[in-house]
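Please look through the structure shown below, and keep it in view while reading the report that follows.

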Amino acid sequence: MPVIVVAGKDRTAFARAVASGADITLDVTGHYEANVTGRNVVARLGDASGPAIVVSTPLTGWYGCVCERGPGIANFLALARTVAAEKWAGNFIFVATVGHEIGHGGMELFLRHGAPPPGDTLAWVHFGSSNACYAFAGDSRTVRPDGERALVLSPSAVTLAGETLTGIDARRMVAEQQAIGELRDVHAAGYPNFLGLAGRHRSFHTPADDLAETGPDILEPVASAFVDAVRKISERGERAFR
């Protein structure tokens with residue numbers, strides 16, 4: 001569905017034009033600013049002296065974006081709480097990024113200022129969009145997760161995913177040349193070991209993306225699978241990717 005993003009100052013005029021039912025033309029003149037303020041949320045757990053395990057998820061989207069962003073944030077927090085409660089070994093960096101819809105601005109900012117370099121990073125784990133949303137049959141919600149999601153893996157993470165993530169119904173995408181979503185930026189920056197889950201769903205990027213689109217029964221399997229995967233990374237270190 002095509003979406004037009006309108007500045008708040010133009011909202012009244014735009015709403016009046018839409019309500020009139022007349023054909024309208026939009027003439028947009030703008031540019032991207034450089035060096036704008038970003039408001040990523042970053043937390044660090046564990047021993048900062050070793051190679052980092054980075055965990056990321058975007059915070060921002062259009063409208064309420066409940067299922068576009070909610071499952072990623074929920075799974076991100078579940079993993080952080082598990083790491084903290086069980087005191088896993090490792091240098092964990094959790095980053096929730098902003099500016100997703102304007103060229104992954106927050107991820108770009110973090111990669112430039114704050115992320116450990118690839119050589120000092122053991123793994124990058126990403127919870128992308130719509131990773132636990134219900135599938136619909138027509139207008140009826142099913143109990144199944146939407147199948148239009150992808151488990152994105154570096155070649156080095158395929159064996160680990162085969163051990164831990166097989167319960168997630170998603171197509172496997174081994175990112176030898178290019179990844180998707182914000183993992184595209186991670187891959188392009190040269191991080192060798194990564195895994196993440198991202199997708200779309202029926203109400204993606206529309207005002208209908210609300211609480212009806214997700215629930216704990218399809219969130220929990222994703223959270224548990226990624227907890228298992230990251231626990232093994234914590235325990236095995238580099239051996240998790242051999």
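## Terms and basis

A residue is called buried when its relative accessible area is under 20%, exposed when this area is over 50%, and partly exposed in between, using a 1.4 Å probe and protein chains only. Helices (H or I, at least four residues) and strands (E, at least two) are DSSP runs, numbered from the N terminus.

The model is a predicted one, in which local features need pLDDT of at least 70 and side-chain atom pairs count only at pLDDT 80 or more, while totals for chains, interfaces and linings use all residues. Residues are numbered from 1 along each chain as its sequence is written, and side-chain values use heavy atoms, with hydrogens and water left out.

## Helix 2

Helix 2, which covers residues 66-86, has 21 residues and reaches 29 Å from its first C-alpha to its last, close to the 30 Å expected at 1.5 Å a residue; the expected span is 1.5 Å times one less than the number of residues. The buried residues of this helix are Cys 67, Glu 68, Arg 69, Pro 71, Gly 72, Asn 75, Phe 76, Leu 79, Ala 80, Thr 82 and Val 83. An α-helix has 3.6 residues a turn, so residues three or four places apart point the same way.

What covers the buried residues of helix 2? The cover includes strand 1, strand 2 (52-58), strand 3 (91-97), strand 4 (121-127) and helix 6 (216-236), where contact means heavy atoms within 4.5 Å. After helix 2 comes Lys 87, with a positive phi near 55°.

## Ser 56 in strand 2

Ser 56 lies in strand 2, and it counts as buried because its relative accessible area is 0%. Its side chain is joined to that of Trp 124 by a polar contact of 2.9 Å; a polar contact is a pair of N or O atoms within 3.5 Å, where, within protein, one must be able to donate a hydrogen and the other to accept it, and residues adjacent in sequence count only if both atoms are side-chain atoms.

When neighbours within four places in sequence are left aside, Ser 56 is in contact with Phe 76, Val 95, Met 107, Trp 124, Val 125, His 126 and Phe 127.

## Helix 6 and Ala 229

Helix 6 has 21 residues and reaches 30 Å from its first C-alpha to its last, close to the 30 Å expected at 1.5 Å a residue. Its buried residues include Ile 218, Leu 219, Val 222, Phe 226, Ala 229 and Val 230, and just after the helix Gly 237 takes a positive phi of about 65°.

Is Ala 229 buried or exposed? Ala 229 is buried, because its relative accessible area is 0%. Leaving aside neighbours within four places in sequence, Ala 229 is in contact with Leu 160, Thr 164, Leu 165 and Leu 195, whereas the C-alpha atoms of Ala 229 and Pro 145, 84 residues apart along the chain, are separated by 20 Å.

## Two histidines with positive phi

Most residues other than glycine have a negative phi, and most peptide bonds are trans. His 104, in the loop between strand 3 and helix 3 (105-112), has a positive phi near 55°, and with a relative accessible area of 8% this residue is buried.

His 205, in the loop between strand 9 (194-199) and helix 6, has a positive phi near 60°, and at 15% relative accessibility His 205 counts as buried.
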